[in-house]
Amino acid sequence: MRAELVRVALHEIDIKIVSEDRMHVLQWRRNLLWDEVLLDGKRQASSHGLFGREKVYGLVFGRDAEGRGGQQVMLILDPGYGSYDYSHNGQRIRGVRLEGVDGTLVSFGSLDAKALEKPATFADWMKKSMGMDWGQDRRPN
């Protein structure tokens with residue numbers, strides 16, 4: 001099983017998942033009072049409320065009609081926005097991670113393994129947290 005991020009927006013995430021010879025579309029949508037997870041256009045999970053909605057969803061691909069078998073995946077989201085202006089089109093969700101039994105299928109943003117690493121030096125911390133790079137003094141003589 002392999003996955004690829006297709007779209008990451010403020011209220012929408014689309015992930016293409018290829019399992020054996022079949023392609024699926026996993027979607028997350030944030031509405032005003034509920035979030036929902038869709039697989040091939042059919043609702044698989046939802047959470048309701050103004051605050052404290054679910055951020056971890058478990059799904060099974062390829063189950064038979066009796067609910068046996070299939071491959072398990074876990075969708076993890078970090079919907080914490082940089083600012084709470086919902087009308088700004090440039091914003092995106094902070095992090096997405098899709099985990100399978102064998103490991104990470106796709107990760108993005110704050111949930112990417114590289115983003116979770118602690119910086120080794122102060123300069124690395126400045127670059128990671130504030131985007132500042134002290135660099136080397138390489139001025140021509």
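Does Ser47 count as buried or exposed, and at what relative accessibility? At 5% relative accessibility, Ser47 counts as buried, where buried denotes under 20% relative accessible area, exposed over 50%, and partly exposed the range in between (1.4 Å probe, protein chains only). The structure is a predicted model, in which local features need pLDDT of at least 70 and side-chain atom pairs count only at pLDDT 80 or more, while totals for chains, interfaces and linings use all residues. Residues are numbered from 1 along each chain as its sequence is written, and side-chain values use heavy atoms, with hydrogens and water left out.

The chain contains two helices and nine strands; helices (H or I, at least four residues) and strands (E, at least two) are DSSP runs, numbered from the N terminus. Along the sequence, these elements follow the pattern β-β-β-β-β-β-β-β-β-α-α. Of the 141 residues, 31% count as buried. The chain exposes about 9,900 Å², of which carbon and sulfur atoms supply 50%; accessible areas come from the Shrake-Rupley method with a 1.4 Å probe, and for residues only the protein chains shown count as cover. Among contacts (heavy atoms within 4.5 Å) between residues at least 6 apart in sequence, 25% join residues at least 24 apart.

Six bridges link β1 and β2 in the antiparallel sense, with Arg7 opposite Asp14 in β2, and a hairpin of three residues joins the two strands. Strands β2 and β3 are paired antiparallel over eight bridges, and Glu12 has Arg29 in β3 as its bridge partner. The hairpin of β2 and β3 has two residues between the strands, and Glu20 in this hairpin takes a positive phi near 55 degrees. Arg29 in turn has Glu36 in β4 as a bridge partner; β3 and β4 pair antiparallel over five bridges and form a hairpin with three residues between them. Glu36 also stands opposite Ser46 in β5, where β4 and β5 pair antiparallel over six bridges. The hairpin of β4 and β5 has two residues between the strands, and Asp40 in its turn has a positive phi of about 55 degrees. Two of these strands are mostly covered: six of the eight residues of β2 are buried, as are five of the six residues of β4.

Ser47 itself is found in strand β5 (residues 42-48). Leaving aside neighbours within four places in sequence, Ser47 is in contact with Leu33, Trp34, Asp35, Arg53, Glu54 and Tyr57. The side chains of Ser47 and Tyr57 are joined by a polar contact of 3.2 Å; a polar contact is a pair of N or O atoms within 3.5 Å, and within protein one must be able to donate a hydrogen and the other to accept it, with residues adjacent in sequence counted only if both atoms are side-chain atoms.

A further open sheet has four strands in the order β6-β7-β8-β9, with antiparallel pairing. Its edge strands are β6 and β9 (103-109), each of which pairs on one side only. Neighbouring strands of this sheet are turned by 15 degrees against each other on average, direction ignored. Six bridges join β7 to β8 in the antiparallel sense, and Val73 stands opposite Gly100 in β8.

The largest nonpolar core has 20 residues, and those with the most contacts inside it are Ile15, Leu26, Val37, Leu75, Leu77 and Leu98. Such a core is a set of buried Ala, Val, Leu, Ile, Met, Phe, Trp, Tyr and Cys residues joined through side-chain atoms within 4.5 Å. At least two core residues come from each of β1 (2-8), β2 (12-19), β3 (22-30), β4 (34-39), β6 (56-61), β7 (71-78) and β8 (95-100). Not counting residues up to four places away in sequence, Leu77 touches Ile13, Trp28, Lys55, Tyr57, Ile93, Gly95, Val96 and Leu111.

How values were computed:
Two strands pair if DSSP finds at least two bridges between them. Axes are lines fitted to C-alpha atoms, for helices over the stretch in contact, and angles run from 0 to 180 degrees between N-to-C directions.
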